[in-house]
Amino acid sequence: MTFLTAAATELGFGAVKIRGELRLHEVGQPDLQVVNADGRAIGYGETKPIGSAADFARVLESEQVDRYRRSLENLLVTDFLRFTLFRPAAGRMDVTLVETAGRLAAGSHAVSAAQLTQLSGLLSAFFSATAPAATTAEQLADGLARRTTLLRDAIRELLGPTAEQGEPLRRLWDFYRRSLMSDMEADDFADTYAQTLVYALFLARLEGGPATDLDAAWKALPADAPILRSAIEPLRAAGKLPDALSVWLVDALHLLASVPDAVISSIGHPSAGMPDPILYFYEHFLAAYDKVERIRRGVYYTPRPLVDYLIRAVDDSLKRDFRKAAGLGDQGVSLLDPAVGTGTFVLAAAQQAVGNVASVLGSGAVRAVLEEQVLRNFYGFELLPAPYTIAHVKLALFARDHHVSFANKRAQIYLTNTLGDPVARADDGGLLAFFVPGLIEEAAAAERVKSDERILVIIGNPPWSATSHNKQPEIERLFAAWKTVDGRPIEDARIALNDDYLKFLRWAVWKLLEQPGAAGQGIVAFVTNHGFINGRIHRGVRKALLDAFDEIYVFNLQGNQRLWVKGVKDEKVFPDVQQGVALSVLIRRPGAHAGPATVHYREMRGTRPAKYAAAQAARLAGTDWQTLKPEAPFYSFAPASVDDRYDSWPSIPEIFPVGVSGVQTQRDDLLSDFDEASLAPRIRTLTDVSIPAADVVERLAVPENANWTVESRRRGFAAFDQARIVPWLYRLFDRRLLYWDPAMMGRARESVMRHLLPEPFGANGAHRLALVVERAGAKPVSALATVTRGIACAHVTGNWVHVYPLDFAESAGEDTLLPTSEWRENLEPKLAAQLAGAYGRRPTVEEVAWYALGTLSAAVYRERFAAELAVDHPRVPFPASPGVFDKMGGLGQQLGRVHLLEAPVDAEIRYVGEGNDRVETIRRDPDSGEVWINATQRFTGVTAEAWAWGLGFRPLEHFLTNRKGRRLDLAQIENFQRAIHAVRESIRLGPKLDATLAAILSDPLDFTGRPNGGFAQAGTSS
């Protein structure tokens, strides 16, 4: 420290201060802070013990130094023998004074004039840095993000049980867990609290002007965001802020003070030319701060056209259905956004209310509508303090633009977890109440709104998160009803119905219609994932909404990147979100509820700007809506197929009653491989009980979960047996090896797979045929079905598939795996009888399977019935003519042989070039039609259409990509050549399949007379 102070003076940089007494190293902070005469930090130093050159090199490459470099503009690292400066403006500079510690100890440490000159240059570059300043909103957001990162790291360490200055933070963390998020980990709290503190300073700058003193900044916090004062009090009550926090808070304060007032004004007011400049600033801050966290939290700007559409729809419905002349400006209207975020929807609603009242009563009534309607009746709940703060700021600025002050009032925006169970007042011996009275009052006020306020409009964009944080007993109890339909539970609902947006939708229905004292009428208007519109798993959700509301408007903006269709432009609405988007308005009018809602549907594909324009123009009273009356069993909110005969046709599990979803090992990389030489050693290690379980997990990278660990399951593993290594169809045209031991797997599906396994593990059916068919594919593919010999994986086409053996073995019972020689066709007898009557002979199960494969493989079939195929098992039309049945069956058999990789390969498909056969860089030459796997070797005969074939799942590209870095042996080379041939043949047969399907649909068999709408189920299907 003395050295640096003297060096600064000697080099002519005056009286800089070196704050070395911080002792921040234990919380992962730099050791030294260099401060100029104005008290502003200009650089930081990290000191290390004297060591070797290799030791110092490791320091420079460490995660710690990398973290500092990302957050600090001027960093000096030294072990006193070596100095390295990281400063973007000057580049990296390195100086070595003494090569080794040994030379220093021996007294051989003379420093040359050249070395001193280099050191002087490095230190001059270090001391000449100016305190960071921000002259644009983007620079300020980036600078605050850097400091918030380091502040977060300091908070995280202070939360540790041994940190002396951490007790106030630990108390506050405990309160957050009890009142906001029960599973809030230390990292979550550190992140939340760091953002809260920095945005409190940001708000103080907006309100009170530039300040360089923390006490002055705290005093400048406005009264209309009282919770910020309470969030800071635990730190102030301790008498002195921990150095590990104050260093970054003061740094942030100086940065804020450096920003010109004109820039601050541009951030705070819509007059800057952006509809929501504060949110724009926050988005930029998050992108620089932690993009991963932004994605995980679902913190995204809801595009204003989507907000405006829902606000306009609500306003129109209030006037039309609820006789509210001033719409959202009517004093009888209460509104709540249960995931308010930065307040975009509440602000838009306030703007609409002001516009309505000004139009109806005149501009003189604006003050009254703000004070008596918006302030009193518009509510918002938010879980994260930073966006919560921004919501308050936006509403306060909007009110002030209309000459209304929140000085003695507050917007009804509360920091709370909407889906959390009721929060009891914590008994903390009075200490918590002393430290954070505002937080406790905030929680109590939020609970009053949840339990007592009658809400008429619930609107917003709730978080989309399949791995929900919200698993509290009360919301789980409420949501349980939506996991059933018509009194029956929905299979797999516990997995697929765990998304937060569905839970928010359920809570909104309860708050509006079911809570004791609820309004019993009103509107829910949400931006959500569009999956609930026609997803098979979501039918209970749709049925519940149909029963609860009178009218439902669904604007499907599509854009799901997992459902892209070749040749159709369909951009995402949210740039960083892969799912499609739906805008839903659910209306329950006053008076008696007559029964299932009428659904109005429209959809839009195209570019993002076109979708925004469509949303901006759409009105509930428009003519572009398609009216639907959803019916059992799926109650879909999307239009049904143009062919109303579809639902009468037999489904695949009705045709082939014995079937089950494919094998799920849940640890493919452990139990499956391309060859025995790679697979067998892993299994030997896994089954070797002499190796500790922890060592096995580490050595093999075994994926474990709460229900499956090596330690708990290894007693059930069978001893290693080479015979258990069996072939299986892993992906389309990609056969691999699997080690068959159900105890090692997630779902082995033994009851059906036994028909396709060799003895003694099955019924000697390893070479028997099975049809593999998608069920409710998540994305379109070019192969809805395929065929295999032996067992198959659950994701052969990239989507969920079911496996149907064409024959099944009779045995003493379905639960036994005893081998048998008795086999029966897996064909529904009633269907076989009906086909025999129509065709004059009874088709075999193979003939029906080939026919089904051909039908399902026709591109026209997949396109025409796409909506139905997204919901449930495919249904198969049968022709009245036996000749047409035979023709499609013949095409299906040709297709099946190439899918089985059993057909001869075209002569032009070859593997050429000398090399090591290793898949390295994969590329296709568009001129030659060759696919190169490395610099010298390639496969010929791969047309552009074949390489792209597959839509959502491209099997040729997938085959090679999965083998990248590995050598192709002879079997795999032949496998890939046959896969190329299979794809080419699938393309060649396409027009014939479509033409034959047209003949089938022109004169199909009539199945409308089937009793109970279907064939009796005989066997296992799930």
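Me: Over how many bridges do strand β19 and β21 pair in the antiparallel sense?
Reply: This is a predicted model, in which local features need pLDDT of at least 70, side-chain atom pairs count only at pLDDT 80 or more, and totals for chains, interfaces and linings use all residues. Residues are numbered from 1 along each chain as its sequence is written, and side-chain values use heavy atoms, with hydrogens and water left out. Strands (E, at least two residues) are DSSP runs numbered from the N terminus, and two of them pair if DSSP finds at least two bridges between them. Strand β19 (residues 672–673) runs antiparallel to β21, and the number of bridges is 2.

Me: Which residue of β21 is the bridge partner of Ser672?
Reply: Strand β21 covers residues 734–739. Within β21, Ser672 has as its bridge partner Leu738.

Me: Which residue in the turn between β20 and β21 has a positive phi?
Reply: Strand β20 (residues 725–731) pairs with β21 in the antiparallel sense over 6 bridges. The two strands form a hairpin with 2 residues between them, and the turn residue with a positive phi of about 65° is Phe733.

Me: How many of the 6 residues of β21 are buried?
Reply: Buried means under 20% relative accessible area, exposed over 50%, and partly exposed in between (1.4 Å probe, protein chains only). Strand β21 is mostly covered, and the number of its buried residues is 5.

Me: Which residue stands opposite Leu76 in β4?
Reply: Strand β4 (residues 75–78) has both faces covered, and Leu76 and Thr78 are buried on one of its sides. Strand β3 (residues 41–47) pairs with β4 in the parallel sense over 4 bridges. Opposite Leu76 stands Gly45.
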